[in-house]
Amino acid sequence: MSNIQHNDEHPLIEHPENEEQYTGLQVNAGIEMPPMVNPYMKKRKKRPQLSVNDYVEGIRKGNLSVLGQAVTLVESLIPEHQVIAQEVIEKCLPYTGDSKRIGITGVPGAGKSTSIDVFGLHVLEKDPANKLAVLAIDPSSERSKGSILGDKTRMEKLSVHPKAFIRPSPSAGSLGGVARKTRETIVLCEAAGYNNIFVETVGVGQSETAVHSMVDFFLLIQLAGTGDELQGIKRGIMEMADGICINKCDGDNVDRANLAANQFRNALHLFPVPPSGVTPEVTTYSGYYGYNIDKVWDMIDSYFDTVRKSGYFEEKRRQQEKYWMYETINEHLKSHFYSNPEIERLLNIKQEMVLDSKQSSFIAAADVLKYYFDSLTKQ
């Protein structure tokens, strides 16, 4: 006959060792099983779901937590999040436009993040009414699609300043290293009262047009003494720059920095006058030692004064709005095309035919597009 112990927690625990045939053996009930979760750990409160009006109200009050959540919604690829984000942006639009949008680019290692730290402090100390938002774009891995998002760590002083908002965002493989939703994030930051917006890019490339199309002033940071100075004088990026700064003008590098500045000034004379009517200035500074920071900002202020008086400031903003309307249309058309399951199936078939040399890539593409347009016509 089996010895079955009854207890409240475990009503039927069988111990065959307590049977008569095992005389001399005794099995105790043991200790109570500890809980799997630490009983002293407080349950994490679930973040309340905000409405569109809650987001807008929080942003207008300058609530950093709400602003950060709104930016996360904007960057989200979930359709439900996108619907809410677009409504928030729409309601924030009346409170935007009154800011200086400045794009900052340069070769990797030029000191963009360090320069933004000292530029930002100069702006905030210059006028107590100033607020600064820094949108730092971090390159995403082509393999893992992940980003480090560590630019904030190189902005030691700005990251703890109460009037600064720093938001690193993954580039997600988008054009020119600019995050896909940076344009919308600018709108949210302006609605929150940030009258100075810095957009830091990944680095100099052929697609920096994306940054140029969302800022008022495009600052190019260069270095001297790094080899062939002509490498920095690239026509595409030089034509977009509204101002050029030679960083690390300190110590033994002062003469080289001044020489590089003269070379850039001479190169700019070969270019036509930009649409703004303002010939880009070239200056030297040291982001690490804080040398000539005031001159850099004086150059930017002078540019804004000129373009506001001439009317170019408003005209450029209008052109940018039109540009982003068409960019959004292109993005949605591309998304609609590739998210179509029938197109996906046909693409796999055509891909195999191209790889097996049964059809040229151009004819295969034409067949897929014809099928897509025909399906739209039938709807």
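The model I am reading is a predicted one.

**Strand 7 and its neighbours**

I began with the pairing of strand 3 (residues 100–106) and strand 7, which runs in the parallel sense over five bridges; within it, I102 stands opposite F217 of strand 7. I then turned to strand 8 (residues 243–246), which pairs with strand 7 in the parallel sense as well, over four bridges, and there I found I246 as the bridge partner of Q222.

Next I asked how many residues of strand 7 (residues 217–222) are buried. I counted six of its six, so noted as a mostly covered strand. Looking at the side-chain directions, I see F217, L219 and I221 pointing one way and F218, L220 and Q222 the other way, with all of them buried.

**Nonpolar cores**

I looked up the largest nonpolar core, which has 49 residues, and listed those with the most contacts inside it as I59, L188, M238, I244 and I246. Apart from this core lies another, of 34 residues, and I noted I102, A136, M299 and F304 among them.

**Helix 3**

I checked the length of helix 3 (residues 79–92): at 1.5 Å a residue, its 14 residues should span 20 Å, and the end C-alpha atoms are 20 Å apart, which agrees.

Which residues of helix 3 are buried? I found Q82, A85, V88, I89 and C92. Seen down the helix axis, these buried residues fall within an arc of 125°, so I record them as lining one face of helix 3. On the other side of helix 3, I noted P79, E80 and E90 as exposed.

**Whole protein**

Buried residues make up 42% of the 379 residues. Of the contacts with a separation of 6 or more, I find that 70% come from residues 24 or more positions apart. The accessible surface comes to about 22,700 Å², and 55% of that surface belongs to carbon and sulfur atoms.

Technical notes
Residues are numbered from 1 along each chain as its sequence is written. This is a predicted model: local features need pLDDT of at least 70, side-chain atom pairs count only at pLDDT 80 or more; totals for chains, interfaces and linings use all residues. Side-chain values use heavy atoms; hydrogens and water are left out. A nonpolar core is a set of buried Ala, Val, Leu, Ile, Met, Phe, Trp, Tyr and Cys residues joined through side-chain atoms within 4.5 Å. Buried means under 20% relative accessible area, exposed over 50%, partly exposed in between (1.4 Å probe, protein chains only). Helices (H or I, at least four residues) and strands (E, at least two) are DSSP runs, numbered from the N terminus. The expected span of a helix is 1.5 Å times one less than its number of residues. The arc is that of the directions from the helix axis to the C-beta atoms. Contact means heavy atoms within 4.5 Å. Accessible areas come from the Shrake-Rupley method with a 1.4 Å probe; for residues, only the protein chains shown count as cover. Two strands pair if DSSP finds at least two bridges between them.
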